[in-house]
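Welcome, and please open the structure in your viewer. We will go from one selection to the next.

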Amino acid sequence: MRRKTPNNSGKENSPDETGRVAYFPSAKNSPSDRKPTDEELAARTAEGDRAAYAEIVRRHARKFYAFAFRYLANQQEAEDIVQTALLKFWQRPHLWDASRGARFSTWFYQIILNACRDALRTRGKIVPLFEDGTVAESDHDTPEEALIRKDVLHYLQRLPERQHQAVLLCFYEGMTHSEAAAVMGTTQKSVELLVRRAKSALKEMMEEDSEKHRRKGGGHDGSQAE
Amino acid sequence: MTDHRLNNFLKQAADVPPPAEDFERRILAAAEKVQQEPAAPLREFPRLTAWRAAASVLLFAAGLMLSGAIEKPESGYGIQDSGMEIVAYLFEEDGGML
C-alpha cells in the first residue's frame, strides 16, 4: 500500500491537485515500513528515482527556504536559491558523496549557506530593510510582526559574516555547535566563540541604537521590541 | 542587556513568511524538464600524480647515487653530508671558487 507523505505545511499531496504526483510519486517506504533516511533518498535519487527526489523536496525545501530567508531577508531570493540548489541536486546527485560520512542535510545546508553568502556579496552588504521594504510581507503577517522581523534580521546582517552564520545555524536551525561547525567547515570551539561574540556584538549594537534613539527623543528602538 | 532579553528579541525572527504556495511543486516541475547528468567517471588524476611524484623522487635519488654525490668524499675532509661537501669545496684552497 502506498502511503501519502505529508509535506511541511501539513497538507497531503494530492495527485489530482498537482497533476504531477504520478510522475513524482511519494517515495515508497522500505519493507519494514520505516521512513527512509535522507541519505537513502539521496542515494536513490542518484539512481534516477524521482519519487525519492520528490520526498527530499517535500521534507526539506521549506526548511532550507526559511534558513535562506533569514540569511538574506528576502523572500524571492530565498526561494530562488533553494529552487536552484535543489534542481542542481537533481541534475547532479552524484555530487553528494555518501562515503564522506556527512549527513545529507549538513551537506545541503553548506550549499545553501554558500549560495546565500554569494548572493549577499553580489548585491552588497546589507539590504536597507527600512527604506524600500525589501523584506516581503506576506498575508500571514501583521505589519507589526513583519516590522519586528525586519528589525531582527537587520541586526543580524550587521554582524560579521561568520558570526551571522553561526547565529542562524545554532539559534534558528537548532543545531548543536558541532553540527553548525560541520556546516561551516570549522571547529566546535570556533562556533562557540563566534556565537558568544555575536551575542556580545548584538547587545552592543542594540544598546548603542537604543541610546541614539533616546538622545533623539524617540523613533523605532530595536531593543524595545520584545 | 541580558541574554534572556536578547534571546527574546531574536526569537521574533523565528517565524518567516511562507514561500509561494506552489513552491515545492515548482521545483518538481522544473526537475521534470531536465535530465540527470551521468555520474562523472572516477578521476584517476590524483593517483597518477602520486605515482608520478613517487617515481620522480626515486629517479632523482637514483641519479644522485649514480653521480656519486652521496658517496664519501675522497678529499679527506670527512664531510659526508653532500650539502656540506659542496660548502667545503667552495672553501677549498686549491681549486675552490673562493
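Which residue forms a salt bridge with Glu24(B)? Select Arg62(A): the closest N and O atoms of this pair are 2.6 Å apart. A salt bridge here is a side-chain nitrogen of Lys or Arg within 4 Å of a carboxyl oxygen of Asp or Glu.

Before moving on, note that this is a predicted model, where local features need pLDDT of at least 70, side-chain atom pairs count only at pLDDT 80 or more, and totals for chains, interfaces and linings use all residues. Residues are numbered from 1 along each chain as its sequence is written, chains are lettered from A and ligands numbered from 1 in the order in which they are written, and side-chain values use heavy atoms, with hydrogens and water left out.

Next, select helix α3 (residues 50-72) of chain A and helix α2 (residues 23-33) of chain B. Helices are DSSP runs of H or I with at least four residues, numbered from the N terminus. Residues meeting here include Tyr53(A) and Val57(A) on α3(A), with Ile27(B) and Leu28(B) on α2(B). By class, this contact has nine nonpolar, no polar and five charged residues. Ala, Val, Leu, Ile, Met, Phe, Trp, Tyr, Cys and Pro count as nonpolar, Asp, Glu, Lys and Arg as charged, and the others, Gly among them, as polar.

Now pick Arg26(B) and Glu79(A), another salt bridge, with closest N and O atoms 2.9 Å apart. Arg26(B) is in helix α2 of chain B and Glu79(A) in helix α4 (residues 75-91) of chain A, so this pair joins two chains.

Finally, show both chains: the rule finds four salt bridges across the interface of chain A and chain B.

Key:
Axes fitted to C-alpha atoms, helices over the stretch in contact; angles between N-to-C directions. Contact = heavy atoms within 4.5 Å.
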